[in-house]
Amino acid sequence: MSDAKLHATEQNPDDFAVQIADQIESFLVAVSEVAKGDEPDSAVPFLLLEVSQLMLAGGRLGAHEDIVPDERYEPDPGFEPDADELRENLARLLEPVDVYSEVFDPYEPRKAPVPARISDDLADVIADLRHGMVHYRAGRTSEALWWWQFSYFSNWGTTASATLRALHSVLAHVRLNQPLEELDGLDTDQGDGDDTLEFEAGRVMAEEIGGQLGSGQVR
């Protein structure tokens with residue numbers, strides 16, 4: 001199907017490209033709204049929901065046969081807004097639980113976990129998705145799909161799945177009333193295998209975090 005047909009006045013809602021683009025656009029809009037901080041009590045539940053839905057789009061891209069763009073070289077996408085402001089807003093919003101511990105490749109034996117940030121991860125995912133969306137909105141559908149599929153395997157799929165596990169863990173601790181070990185002193189500029197990965201300092205009660213970030217119910 002040609003790009004021109006995909007971007008006709010009446011798009012087929014059952015078309016694969018349209019569905020993927022709609023899912024990605026929904027994620028971009030929703031996370032940008034969360035980052036404004038208007039509803040901090042619902043931030044974690046809503047981010048969990050949105051990242052979960054994005055992973056469905058990623059799974060569909062991953063299961064799809066290899067997508068080949070129409071052009072050999074990527075066209076210049078033009079201006080792309082950076083995600084720095086969104087990253088900073090999310091970092092402030094998620095400060096108590098922003099840093100988490102992640103193992104990048106579960107198939108590498110005895111790989112030490114490293115610290116990461118939910119705010120950094122979401123900003124990186126959004127940068128990847130926006131890049132493809134620029135192509136899609138310009139009518140370069142095959143280029144957009146190729147980029148989303150390629151970057152799903154090379155970057156945003158792994159990043160989003162790690163973020164999903166972190167968000168799930170936060171919400172599970174809150175809903176199950178289980179204390180979280182505090183991550184004060186742990187930062188993303190520390191090396192692999194640092195002893196601080198054993199999580200220093202005190203305890204943060206689940207209800208304390210829930211009061212700020214996750215006790216609101218999503219309906």
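**View 1. A salt-bridge network links D84, R87, D120 and D124.** This is a predicted model. R87 is partly exposed, at a relative accessible area of 23%, and D120 is partly exposed with a value of 23%.

**View 2. D121 is buried but has no salt bridge.** Look for D121 in helix α5 (residues 118-137). Which side chain of opposite charge is nearest? That would be R87, 7.4 Å away; a salt bridge needs the nitrogen and oxygen within 4 Å, so R87 doesn't qualify as a partner for D121. Setting aside neighbours within four places in sequence, D121 touches Y100, A116, T159 and T163.

**View 3. D98 and R117 meet in a salt bridge, 3.4 Å from N to O.** D98 sits in the loop between α4 and β1 (99-102) and R117 in strand β2 (residues 114-117), so the bridge ties together parts that are 19 residues apart in sequence. D98 is buried, at 1% relative accessibility, while R117 is partly exposed at 23%.

**View 4. E102 pairs up with R165 in a salt bridge.** Here the closest N and O atoms are 2.5 Å apart. E102 comes from strand β1 and R165 from helix α6 (residues 141-175), so the pair ties together parts that are 63 residues apart in sequence. E102 counts as buried at 7% relative accessibility; R165, at 45%, is partly exposed.

Conventions: Residues are numbered from 1 along each chain as its sequence is written. This is a predicted model: local features need pLDDT of at least 70, side-chain atom pairs count only at pLDDT 80 or more; totals for chains, interfaces and linings use all residues. Side-chain values use heavy atoms; hydrogens and water are left out. Helices (H or I, at least four residues) and strands (E, at least two) are DSSP runs, numbered from the N terminus. Buried means under 20% relative accessible area, exposed over 50%, partly exposed in between (1.4 Å probe, protein chains only). Lys and Arg count as positive and Asp and Glu as negative; His and the chain ends are not counted. Contact means heavy atoms within 4.5 Å.
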